[in-house]
Amino acid sequence: MDRGTTVLQAAAELGFDIPHFCYHPALSIPANCRMCLVEVERARTLLPACCTQVTDKMVVHTENETVKQARRAVLEFILVNHPVDCPICDQAGECKLQDYYLAYDAQASRVRTTKVTKVKVYPLGPEVVYDGERCILCTRCVRFCNEVTGTAELTVVERGDRSGIRTFPGQELDNAYSMCTVDLCPVGALTSRDFRFKCRVWLLSSADSICTGCSRGCAIHMEHHQSEVQRYRPRYNPEVNEYWMCDEGRLSYKELHREDRLTKLQINGASFTWPQGLEKAASMLGGAIESHGKDGVGVVFSPQATCEDLFMARRFALEALGTNNHYVGGKPGGQGDDFLITPDKDPNRNGLLVMFPRRSRPAPFEQLIEDMRSGKIRVLYMMGSEIPVEGQLREDFLAEVAKLDLFVLQASRGGELADTARIILPACTHAEKDGTFINVDGIAQSVTKAFEPHGRSRADWQIFMRLGRKMGAEMSYTFFKELREEMVALMTKNTTEVDEEPPAEEEPQQPEQEESTQEAAGADA
Ligand code: SF4
Ligand code: SF4
Ligand code: FES
């Protein structure tokens, strides 16, 4: 064990769980809850495991009768004024107080006096609501605002059984990471305004995924019920986001279920099944290429898509459409900060770039608008409905799209472009497929499918593969992992090829190869 390791940390490393409320590995250690008391041989009293350092030959008892009795006493003390309103508490099912009560206390209350009442629904800020009666005063929320965000909005007020958490006068808990306090709160004292009373937590299923709100790609638990994402929670990743994520990213799950979600394959306003629709789309694209030549066709690649999608998109553009007119789409840039949030609002720009050799990377979106204006591009195949430019340029783009001979939109949401597209191919969101994203620091992370695709939507790579085959290209994978292997080989080739000029920026790492049973031949429905 390293010097300075605490008993609680050492026990965790050895696989022993010592109950605790106030301790959190990313925060300072106030040792105020006393839930972690353990017996150390030759010590005069029980000691808090969270702040007692291990020493040579130290003997610690974490589960003997004396320790269990102390835990029972601590819990009884905390519960003296606790409302025990578990049936209406959002934390029920994932509450440390509930769990420890059942594990160490499990006795009827001996309190015969009236409980002290406190504020019950007290908004601390736009996203976080406080329940003073449930608060156990562990100060995790206060320390988070002092030590992680440095915004210091919260403090403990009053004394004794009147104590509670408040913001300083004139302040609100409205920093960009305020909802992390809800994750940190070990009981139901802090609840998210968004998730309050929405879904019981035991109904939720969870998939390991990432937030697609910006190019940081914070690791998340994507928690869903009945094929709808109910909330994102940060997933510990020491390389990317540690324990945290921003509020905006946390609430970005709502984009997955917006009203303009595309779930039907449509051509000229009529709905088609995949086999019929792909046949017709292939013949329309073939006709357009005959009229305008391959040079009249442009393809927009989305940095919102997974590496696997982009790998197939590139193959489709080169082998089925035969065009080298490649452009980068995605969202417009925004604000970043000096913690997690990046100004690039696309989660996979590095994944997109690494799919192409350095000398033939896709052109910026502004070039596309120029090429449409000049009449060079008459047919456009666009991946994703996000438009990366704003203001007049955006207007110009929408005006030029309306003049195209053929506009194909392959996206999960229609946005402003759905009405102009003659062919709409409904794509999955990242909740509905496996895939890989490479973040701003070149770190590859996998996302796993949370639930089946909505309606007729399919993963982008599946659509490209099947449409490409209809157009005569030889694109076929029986298993997803075959596609991944080829993709990794291409990325390795692109990143290791020797250039005359060395790259200005560090190249992204390769994603780890993972086994996947997702079949490639599932696009027909
Ligand atoms: S609100 Fe929650 S995190 Fe904050 S002190 Fe109370 S119990 Fe702890
Ligand atoms: S920092 Fe970026 S990736 Fe992380 S939660 Fe916020 S928006 Fe999502
Ligand atoms: S976890 Fe040790 S005193 Fe709270």
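Which residues of helix H4 (residues 140-147) are buried? They are Arg-140, Cys-141, Arg-143, Phe-144 and Cys-145, where buried means that 20 or more other C-beta atoms, placed from the backbone, lie within 10 Å of the residue's own. This is a predicted model, in which local features need pLDDT of at least 70 and side-chain atom pairs count only at pLDDT 80 or more, while totals for chains, interfaces and linings use all residues. Residues are numbered from 1 along each chain as its sequence is written, and chains are lettered from A and ligands numbered from 1 in the order in which they are written.

**Overall make-up**
- The protein chain has 13 helices and 20 strands, taken as DSSP runs (H or I of at least four residues for helices, E of at least two for strands) and numbered from the N terminus.
- Along its principal axes the C-alpha trace spans about 90 × 50 × 40 Å, and buried residues make up 44% of the 525 residues in the chain.

- The buried residues of H4 pack against strand S6 (154-157), strand S7 (164-167), helix H5 (180-184) and strand S8 (190-192), with contact meaning C-beta atoms, placed from the backbone, within 7 Å.
- The largest nonpolar core has 129 residues, and those with the most contacts inside it are Cys-36 and Val-408; such a core is a set of buried Ala, Val, Leu, Ile, Met, Phe, Trp, Tyr and Cys residues joined through C-beta atoms within 7 Å.
- Helix H8 (residues 307-321) gives the most to this core, with 9 residues.
- Not counting residues up to four places away in sequence, Cys-36 touches several residues, among them Leu-8, Ile-18, Tyr-23 and Cys-50.

**Ligand surroundings**
- Ligand 1 is surrounded by 13 residues, the closest being Cys-135, Cys-138, Cys-141, Cys-185 and Ala-189, each residue being counted if its C-beta atom, placed from the backbone, lies within 6 Å of the ligand.
- Ligand 2 is likewise surrounded by 13 residues, of which Cys-211, Gly-213, Cys-214, Cys-218 and Gly-249 are the closest.

**The open sheet**
- An open sheet with mixed pairing is formed by 7 strands in the order S13-S12-S18-S17-S16-S14-S15, two strands being paired if DSSP finds at least two bridges between them.
- Strand S13 (270-272) and strand S15 (326-328) stand at the edges with a single partner strand each, so one side of each is left without a neighbour in the sheet.
- Strand S12 (residues 265-267) runs antiparallel to S13 and is joined to it by 3 bridges, and Leu-265 has Phe-272 in S13 as its bridge partner.

Notes
Buried ≥ 20, exposed ≤ 12 C-beta atoms within 10 Å, placed from the backbone. Contact = placed C-beta atoms within 7 Å.
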